[in-house]
Amino acid sequence: MTRKVATVFGGSGFVGRPVVGRLARAGYVVRVAGRTATDAATLRMLGDVGQVVPVVASITDESACVAAIEGSSLVINLVGILSPRGAGTFEAIHVEGAGRVARLAAASGVERLIHVSALGAHAGSPSAYARSKAEGECVVSRAMPEAVIIRPSLIFGVDGPFPAMFARMARFLPVMPVFGATTRFQPVWVGDVAEGMVRIATGADMAGAIFEFGGPQVLTMRQIVAWAARWGGHPRPLFTVPRWLATVQGAVLERLPGKMLTRDQVRLLYVDNVVAPGARTLDMLGITPSPMELMMG
């Protein structure tokens, strides 16, 4: 029997690794597509010999995408950026790149396409990031109407940037600054996000569905930062950064290498990021969302 082939764009990242592992266990040959093959080299151990295959294919490269997608029955696009860098603009990655993957998947006869967007994606958002995510969803749906779109909230995990970033800050700062202190989030475990994708890929046809993935708790940013500091072993007093000051800091930091904070991210931090009433959720896939306290030990 010939194994089904899955292509995962951005599969070597924090969210991609558990997705690749679960797809391999489900019997797929998994092509992990990224800008370099070295990023995915360590993922070979997640499957049998030859089952997980690193592929050099940026979503901005048409011919590379064609080769990466050819022969696949499943394509998952996890690629996203939090701030533009050089040619890697929101338009190039979230809109043109996402549309390219969807168009080529449809042309290749791919059975299922899963496109990962973001909770809060909206054409009227004050954030260019969120507006580009919304436009990307529209482009994907036009190119392949049966594509399934997933909008996750803030994703947490032991190996991910959250809550580790806040924990590192608490280790060195006597007081923890909090941006968007009262903004609400619904942190979701990376394992639940990955499992949700695999169930969509392998379960009943859900053509054109939009899912919103959130955890079991709605928390303010202030609560999240306080929890992360305690989790890291360095509880700290909290300082709510006024919005005007956060904007000034973003204007300065976005000009420095690494772009620790941008004005666009500041705008995003003042918009609630929770699952909408009536949305399709993890529960509809038979997954009970996992709380941070349990999964983070």
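This is a predicted model: local features need pLDDT of at least 70, side-chain atom pairs count only at pLDDT 80 or more; totals for chains, interfaces and linings use all residues.
**The neighbours of S4**

Four bridges join S1 to S4, and the two run parallel. For a handy landmark, click Val8, which stands opposite Ile76 in S4. Now bring in strand S5 (residues 112-116). S5 is also joined to S4 by four bridges, and this pair runs parallel too. Ile76 turns up again here, with Ile114 as its bridge partner in S5.

**Helix H6**

Next, select helix H6, residues 190-202. Its 13 residues should span 18 Å at 1.5 Å a residue, and since the end C-alpha atoms are 18 Å apart, the geometry agrees with that expectation. Then colour H6 by accessibility: the helix is mostly covered, with ten of its 13 residues buried. Among the buried ones are Val190, Val193, Met197, Val198 and Ile200. Asp192 is on the buried list as well, along with Gly191 and Gly196.

**Ser132 in helix H4**

Jump to Ser132, which you'll find in helix H4 (residues 128-143). Ser132 has a relative accessibility of 6%, so it counts as buried, the cut-off being under 20%. What does Ser132 touch, leaving out residues up to four places away in sequence? Show Phe90, His94 and Val95: those are its contacts.

Start with Glu62 and Arg103, whose closest N and O atoms are 2.9 Å apart. Glu62 lies in helix H2 (residues 62-69) and Arg103 in helix H3 (residues 90-108), so this pair ties together parts that are 41 residues apart in sequence. Both ends are partly exposed: Glu62 has a relative accessible area of 32%, and Arg103 comes in at 40%.

Now pick Glu212 and Arg151, where the side chains meet in a salt bridge at 3.2 Å, N to O. Glu212 belongs to strand S11 (residues 210-213) and Arg151 to strand S6 (residues 148-152), so the link is between parts 61 residues apart in sequence. Are these two buried or exposed? Both Glu212 and Arg151 are buried.

For a pair with contrasting surroundings, go to Arg255 and Glu254. They form a salt bridge with the closest N and O atoms 3.7 Å apart. Arg255 is exposed, with a relative accessible area of 60%, whereas Glu254 counts as buried at 18%. Then select Arg22, Glu195 and Arg199 together, and you have one network joined by salt bridges that share partners.

Zoom in on Trp244, which is found in helix H8 (residues 243-253). Why does Trp244 count as exposed? Its relative accessible area is 60%, and the exposed class takes in values over 50%.

Technical notes:
Residues are numbered from 1 along each chain as its sequence is written. Side-chain values use heavy atoms; hydrogens and water are left out. The expected span of a helix is 1.5 Å times one less than its number of residues. Buried means under 20% relative accessible area, exposed over 50%, partly exposed in between (1.4 Å probe, protein chains only). Contact means heavy atoms within 4.5 Å. A salt bridge is a side-chain nitrogen of Lys or Arg within 4 Å of a carboxyl oxygen of Asp or Glu. Two strands pair if DSSP finds at least two bridges between them.
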